[in-house]
Amino acid sequence: MDSQSDENIAGGLHYPHGLNWAPEPGKPFEVADGVYWLRMPLPMKLDHINLWLLEDGDGWTLVDTGMNLEDIQDIWTDLFTGFCGGKPVKRLIVTHMHPDHTGLAGWICQRFDCPLWMAREEFLMCKMLVQDTGKPVPDAAIRFYQAAGLTDEQIDHYRKRFGWFGRFIYRLPDAYRRLMDRETISINGRYWQIITGHGHSPEHASLYCPALRLMISGDQVLPRITPNVSVFPSEPQGDPLSEWLVSCAKIRGLLPDDVLVLPSHQEPFIGLHTRLTQIIESHERGMDRLYELLEVPKLAVECFGALFKSKINPQTLNMATGETLAHLNCLLGRKMIFRKRGEDGRDYYQQLPDACKYDLD
Ligand SMILES: [Zn+2]
Ligand SMILES: [Zn+2]
């Protein structure tokens with residue numbers, strides 16, 4: 001049976017190591033010359049993250065870290081003394097600020113006295129968000145969720161969870177090395193290009209190595225899940241979905257289709273262009289359904305049915321609200337809908353007359 005056998009192909013993508021196959025957590029597996037795939041557990045519904053260990057001369061370059069949890073620190077400690085052969089981590093690259101990716105950055109950099117390489121908006125935003133831990137919810141955030149249509153009880157639930165982000169992030173270093181879009185860095189004598197993307201997080205960095213035909217995609221491109229793209233209370237008028245769609249198209253234009261994509265969740269795959277097109281189209285279809293629904297005025301929370309197949313529960317409510325607002329703000333930016341604040345203080349969204357839909361291009 002060749003490697004293109006049917007069980008390795010799903011949804012138009014080819015999984016060379018198999019669909020649903022992954023190395024055992026904590027046991028690195030070589031996916032390309034000197035590039036190792038490390039699975040780490042996550043205590044969430046999405047129960048794992050993929051991290052990457054890159055041989056780098058007399059040491060290692062790591063990409064992403066896992067969450068700041070004792071179990072994860074223990075797995076790293078074993079790897080540092082065992083698998084890594086006592087060679088030091090010379091550099092830590094972090095794709096973006098989310099706790100599953102950045103959680104142990106401060107801990108690893110402290111242990112090896114090595115630099116943290118990260119895009120500037122990720123570093124600064126992460127520093128800002130960890131400050132929320134232990135503080136009360138700002139009024140602006142309450143007003144934001146009230147306007148979206150959350151009930152008092154749902155806002156109370158949010159209040160209790162506020163500040164969770166910082167709890168899974170070890171104190172970041174005070175200084176870092178900035179990663180910039182399109183810059184080329186050298187790892188183990190090979191060139192890797194940094195490609196930034198926006199929308200899932202403010203300045204997400206992916207890495208592309210032409211010599212190995214590899215892309216370490218972070219959360220920018222995942223094979224079967226669409227990364228969360230949300231509006232947050234700190235920037236209610238933000239339009240992260242437009243930025244996300246532009247980023248997906250940019251990467252599709254820059255990178256070849258036949259690279260092996262190493263994503264942060266699920267399995268490595270080939271079919272970058274197909275996947276990026278699927279992601280773009282799924283958002284566009286979502287916005288089409290949303291537009292249809294808005295024939296009559298609706299609150300953001302009344303629009304979930306247009307975007308999500310699964311039922312929204314208290315755990316997913318804020319994320320679903322943020323993602324729905326991202327689609328609504330994108331439609332607002334395209335002048336397809338308008339927003340009106342009701343006398344009840346909540347925001348209602350509705351279609352603009354058809355003519356405006358075609359005014360755009
Ligand atoms: Zn993420
Ligand atoms: Zn992630």
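## Helix H11 and the residue after it

Helix H11, which covers residues 317-333, has 17 residues and reaches 24 Å from its first C-alpha to its last, close to the 24 Å expected at 1.5 Å a residue, the expected span being 1.5 Å times one less than the number of residues in the helix. Helices (H or I, at least four residues) and strands (E, at least two) are DSSP runs numbered from the N terminus. This is a predicted model, in which local features need pLDDT of at least 70 and side-chain atom pairs count only at pLDDT 80 or more, while totals for chains, interfaces and linings use all residues. Residues are numbered from 1 along each chain as its sequence is written, and chains are lettered from A and ligands numbered from 1 in the order in which they are written.

Of the 17 residues of H11, 13 are buried, so this helix is largely enclosed by the rest of the structure; a residue is buried if 20 or more other C-beta atoms, placed from the backbone, lie within 10 Å of its own, exposed if 12 or fewer do, and partly exposed in between. H11 is followed by Lys335, which lies in the loop between H11 and strand E16 (337-341). Lys335 is not a glycine, yet its phi is positive, at about 60°, and with 12 C-beta neighbours inside 10 Å it counts as exposed.

## The crossing of H8 and H11

The axes of helix H8 (residues 240-254) and H11 come within 7 Å and cross at roughly 85°, where axes are lines fitted to C-alpha atoms, for helices over the stretch in contact, and angles run from 0 to 180 degrees between N-to-C directions.

On the H8 side the contact is made by Pro240, Leu241 and Ser242, and on the H11 side by Ala326, His327, Asn329, Cys330 and Gly333; two residues are in contact if their C-beta atoms, placed from the backbone, lie within 7 Å. By class, the contact of H8 with H11 has four nonpolar, four polar and no charged residues, with Ala, Val, Leu, Ile, Met, Phe, Trp, Tyr, Cys and Pro counted as nonpolar, Asp, Glu, Lys and Arg as charged, and the others, Gly among them, as polar.

## The seven-stranded sheet

Seven strands form an open sheet of mixed pairing in the order E3-E4-E5-E6-E7-E8-E9, two strands being paired if DSSP finds at least two bridges between them. Strand E3 (29-32) and strand E9 (177-179) stand at the edges with a single partner strand each, so one side of each is left without a neighbour in the sheet. From one strand to the next, the twist averages 30°. Helix H3 (residues 105-112) packs on the sheet, where it touches E6, strand E7 (89-93) and strand E8 (116-119), and its direction makes about 160° with that of E7.

Strand E5 (residues 48-56) runs antiparallel to strand E6 (residues 59-63), and five bridges join them; Glu55 stands opposite Trp60 in E6. E6 and E7, in turn, pair in the parallel sense over four bridges, and here Trp60 stands opposite Val89 in E7. Four of the five residues of E7 are buried, so this strand is largely enclosed by the rest of the structure.

Asn188, found in the loop between strand E10 (184-187) and strand E11 (190-197), has a positive phi of about 55° although it is not a glycine. Asn188 is partly exposed, with 16 other C-beta atoms within 10 Å.

Asn8 belongs to the segment before strand E1 (9-10) and counts as buried, with 20 C-beta neighbours inside 10 Å.
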